[in-house]
Each structure stands twice: as structure tokens, then as C-alpha cells.
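Have the structure open beside you as you read.

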Amino acid sequence: MADVKYTPAPLDSPPSYETTASNPPKSPITKGPLHRAALLPLDLPLLSSIQGRRIILASASPRRRQLLAQIGISNLSVIPSTVPEAFSKTLSPFEYVLQTATQKAMTVYSSQIDSPDGEPALVIAADTVVVSPRGQILEKPRSEADHIAMLKGLRDSISHKVYTAVVVMAPLSSARDPGYALESTVEETTVKFGRDISDELILSYIQGIGAVLVERIEGSFDNVVGLPLRPTLALIEKVLRDDEDLVDEFAEAEDEE
């Protein structure tokens, strides 16, 4: 896959290490030449069919919410999963993010299926991890010191990988077990830091006054941000079509009777 090279651009302040769903961090994805211009909402019949219905993002990430808005999904209920992410880091990165994202989606879907706010038409969940060249899943930094140490390690290793799993669920109109459609995908992106990044530049980046550290990526930049848009849209279309196909099957079966 062809490399994509970016020039450094200033960033907003990084997220707080004590972020909560009620106090989301400012997103850095709206400034600088690193990011694409905002896209017009997609005019797709399947997306139009869920406009005005309840769509849940099982994540507190403001960046994921902004990315979904780019494809016209902006009227979201944000309900993060409260279940601890306790899967073993000895799993492969692929399995770890997939199991974590699936757990998030299932937990939120189950808690909202009989909600007074109404059954969700769609639940979208995601999980992203950074993986060292040795295949180690890195813990999310819990402090500025942790964040600096992690970035120094990634700089010294030159390149690393980012994995994001996306899981999309939708209820089925039919009574077919288990009563919902679920589709998932895992995307991988290789990220290369600049070789000339100093400790001072890393500190400036953490403080929000420096330049971006990424020199080159192989894969989707949306994946690094936390939600690969094209695969997510494909999953949404798939779960909605699963329901349409089942309704058609039941209608045909009734006609034959």
C-alpha cells in the first residue's frame, strides 16, 4: 500500500487523562493540513432509512463522533460501555480489539433494547490499541509521564501499528434468533514517527504547542484517529441489509404457504 506523507501541523491540547463522558476532551482532528476537509453527508437510501431513529455510539470519544458526522450520522446518543476492559494482553492485537469492541457493543445494546427511550436502530462500538514492533499491546497512558514515556518508546522503535475494531449491531424485524444482526471488522495501520523527534518536541506535543509526530502512515488515517470510516459504513449497510433480506425471506415463505 502506498505511503502517505504528512507535513507537521499544530495540534490542540491533548485529551485529559481523567476524561469522562460528561467532560469530553477537545478533538485535535479539526485543524491543520493533516486532515481532510469536512465531507458532505452521504445521501444513501439505507442511511436515510434510519434518519430520526435512535442511533447509539458506544463510545465517549468525540473524535469518533466527529468522524460519523462526516458521513451524515450526527444525531447520536452517546452511551459508553461501563464494563471494564479486562481481556488478556496476551491475546493477539486482532483478537483483543475485536473482543473488546464486541463486548462494548453487546453490553450497550443489551442495556438499551428495552429502554424507555426506545429500541436502538443501530449501535456502533469501536476499540483502538497501539502495538509495539514486538507485538506488545500498549496500555493507554494514565498520566503525562506515561504518555511521554510511551511516545519516546514509539519514536525509538521508528514504526508501530494501530489496530481498530468496529462492531455494528441492529435489531432484526423478524423473530429469528438471536434477534439482532452483528457485523465486525478489524483494520490495521502502520505509523512511522520522524527520526529527528527530540525529547523536547515530544514534550511540546504533549503540552499542545508543538508539531505532530507522525511522518508517514501505511493505511487509513481514520483508523489511527479511532474509526475507519469506509469499513464502518460498509458494516452499517451490511447489518441493515441483513434485516431487509430476512424480512423478504419471511414474506416469501408466507406467500408460499
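The chain holds seven helices and seven strands. Helices here are DSSP runs of H or I with at least four residues, strands are runs of E with at least two, and both are numbered from the N terminus. Following the sequence, the elements come in the pattern β-α-β-α-β-α-β-α-β-β-α-β-α-α.

This is a predicted model, in which local features need pLDDT of at least 70 and side-chain atom pairs count only at pLDDT 80 or more, while totals for chains, interfaces and linings use all residues. Residues are numbered from 1 along each chain as its sequence is written, and side-chain values use heavy atoms, leaving out hydrogens and water.

Of the 257 residues in the chain, 42% are buried. Buried means under 20% relative accessible area, exposed means over 50%, and partly exposed lies in between, with a 1.4 Å probe and protein chains only. Contact means heavy atoms within 4.5 Å. Among contacts between residues at least 6 apart in sequence, 71% join residues at least 24 apart.

**Strands β4, β5 and β6**

Let us begin with strand β5, residues 159–171, where 11 of the 13 residues are buried. Strand β5 pairs in the antiparallel sense with β4 (residues 122–131) over nine bridges, and also in the antiparallel sense with β6 (residues 180–193) over 13 bridges. Two strands count as paired if DSSP finds at least two bridges between them.

**Thr-189**

Which strand holds Thr-189? Thr-189 sits in β6, and its relative accessible area of 0% makes it buried. Its side chain has two polar partners to look at. One is the backbone oxygen of Ser-220, reached at 3.0 Å; the other is the side chain of Asn-223, in a polar contact of 3.0 Å. A polar contact is a pair of N or O atoms within 3.5 Å; within protein, one must be able to donate a hydrogen and the other to accept it, and residues adjacent in sequence count only if both atoms are side-chain atoms. Leaving aside residues up to four places away in sequence, Thr-189 also touches residues including His-160, Val-162, Ile-217 and Val-224.

**Nonpolar cores**

A nonpolar core is a set of buried Ala, Val, Leu, Ile, Met, Phe, Trp, Tyr and Cys residues joined through side-chain atoms within 4.5 Å. The largest has 39 residues, and those with the most contacts inside it are Leu-68, Ile-73, Leu-122, Ile-124, Val-168 and Ile-236. At least two residues of this core come from each of β2 (55–57), α2 (62–70), β4, α4 (144–156), β5, β6, α6 (221–225) and α7 (229–256). Helix α7 gives the largest share, six residues. Not counting residues up to four places away in sequence, Ile-73 touches Leu-47, Ile-55, Leu-68 and Ile-236. There is also a second, separate core of 19 residues, with Tyr-109, Val-131, Tyr-163 and Val-186 among them.

**Helix α3**

Helix α3 (residues 93–112) has 20 residues and reaches 29 Å from its first C-alpha to its last, close to the 28 Å expected at 1.5 Å a residue. That expected span is 1.5 Å times one less than the number of residues. Its buried residues include Tyr-96, Leu-98, Lys-104, Val-108 and Tyr-109. The buried residues of α3 pack against β2, β4, β5 and β6.

**Salt bridges**

The structure holds 10 salt bridges, each a side-chain nitrogen of Lys or Arg within 4 Å of a carboxyl oxygen of Asp or Glu. Three of them are listed here.

| Salt bridge | N to O distance |
|---|---|
| Lys-104 and Asp-127 | 3.2 Å |
| Arg-155 and Asp-156 | 2.9 Å |
| Arg-155 and Asp-199 | 2.6 Å |

Arg-155 is buried, with a relative accessible area of 14%, whereas Asp-156 counts as exposed at 56%. Asp-199 is partly exposed at 35%. The pair of Asp-199 in helix α5 (residues 199–206) and Arg-155 in helix α4 links parts of the chain 44 residues apart. Finally, salt bridges that share partners join Glu-85, Lys-104, Asp-127 and Lys-140 into one network.
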